Amino acid sequence: MSDLTIWTYDWVPEMPRGFVRDLRLRWACEEAGLPYQVKSTPFKDKGTEHFEHQPFGQAPWLTDGDISIFESGAGLLHLARKSEKLMPRDPVGGAEALQWTIAALNSVEMVSVPWWFLEMSGAEDNGLTGWLESRLDHVERVLNERDWLAAGRFTVADLIMADVLRVEKVRAFGDRPATEAYVARMTERPAFRKAHADQMAHFAAAD
Ligand SMILES: N[C@@H](CCC(=O)N[C@@H](CS)C(=O)NCC(=O)O)C(=O)O
């Protein structure tokens, strides 16, 4: 049995299935060929143990022997330390992958998630639209120029950026062909497909 354990909810409603962030960690392990197991924490009754591992009462978190690490981005960087497939070991490639990983989380998801929440809540005037538009347009420009964000090949930066961008409402927002092709390319990867199918099966098993 592997020491690497991805912790996620035992069950979630239909809507978030396929998008719960344990998928990022599953996907990374699949890409890197790292053995892992998945364990569940209750969605409905969050106990003190959940908050000991994830102080915001969210999922996922990752355990690795004595280490317990929350925030999907931190979990990805932890996994990237174990595999050159996720993070190049040369300083330039490593820095590129690191900056784009943080950009996905802190420049794109930081805007896309609140925008998505406002959209979902049916807000008449989503005040974040211009901000999101600008972020997505800049990503589109970059993706027009290259296939990968960092180091000229797949890295953890592509994994996280694609996961942030593949949210349906975000994808449907504006016509950005390079972004669309990028998301399609990333989500066609066998490691993504397996991670996605496994997450769907995990939640379906609890219905
Ligand atoms: N920044 C956190 C966000 C985690 C997050 O939003 N988790 C969702 C599932 S994907 C969750 O637990 N939602 C329930 C809640 O926030 O109470 C991360 O990337 O790990």
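Helices α1 and α6 pack with their axes 10 Å apart, at an angle of about 145°. Axes here are lines fitted to C-alpha atoms, for helices over the stretch in contact, and angles run from 0 to 180 degrees between N-to-C directions. Helices (H or I, at least four residues) and strands (E, at least two) are DSSP runs, numbered from the N terminus.

A word on the source: this is a predicted model, where local features need pLDDT of at least 70 and side-chain atom pairs count only at pLDDT 80 or more, while totals for chains, interfaces and linings use all residues. Residues are numbered from 1 along each chain as its sequence is written, and side-chain values use heavy atoms, with hydrogens and water left out.

Back to the pair: α1 and α6 cross in a right-handed way. On the α1 side, the contact (heavy atoms within 4.5 Å) uses Leu 23, Arg 24, Trp 27 and Ala 28, and on the α6 side Leu 159, Ile 160, Ala 162, Asp 163 and Val 164. By class, the contact of α1 with α6 has seven nonpolar, no polar and two charged residues. Ala, Val, Leu, Ile, Met, Phe, Trp, Tyr, Cys and Pro count as nonpolar, Asp, Glu, Lys and Arg as charged, and the others, Gly among them, as polar.

What angle do α1 and α9 make? The axes of α1 (residues 22-32) and α9 (residues 190-204) cross at roughly 135° and come within 8 Å. That makes α1 oblique to α9, where under 35 degrees is roughly parallel, over 145 roughly antiparallel, 65 to 115 roughly perpendicular and the rest oblique. The contact of α1 with α9 has six nonpolar, three polar and six charged residues.

Next, the pocket. α4 gives the most to the lining of the largest pocket, nine residues. That lining divides into 20 nonpolar, six polar and nine charged residues. α3 (72-82), α4 (91-120), α6 (156-165) and α7 (168-171) each supply at least two residues of the lining.

Last, the loops. Ala 59 and Pro 60 are joined by a cis peptide bond, with omega about 5°. Pro 60 sits in the loop between α2 (48-53) and β3 (61-64). Glu 71 is not a glycine, yet has a positive phi of about 80°. Glu 71 lies in the loop between β4 (67-70) and α3.

Key: Left-handed = near helix turned anticlockwise from the far one by under 90°.
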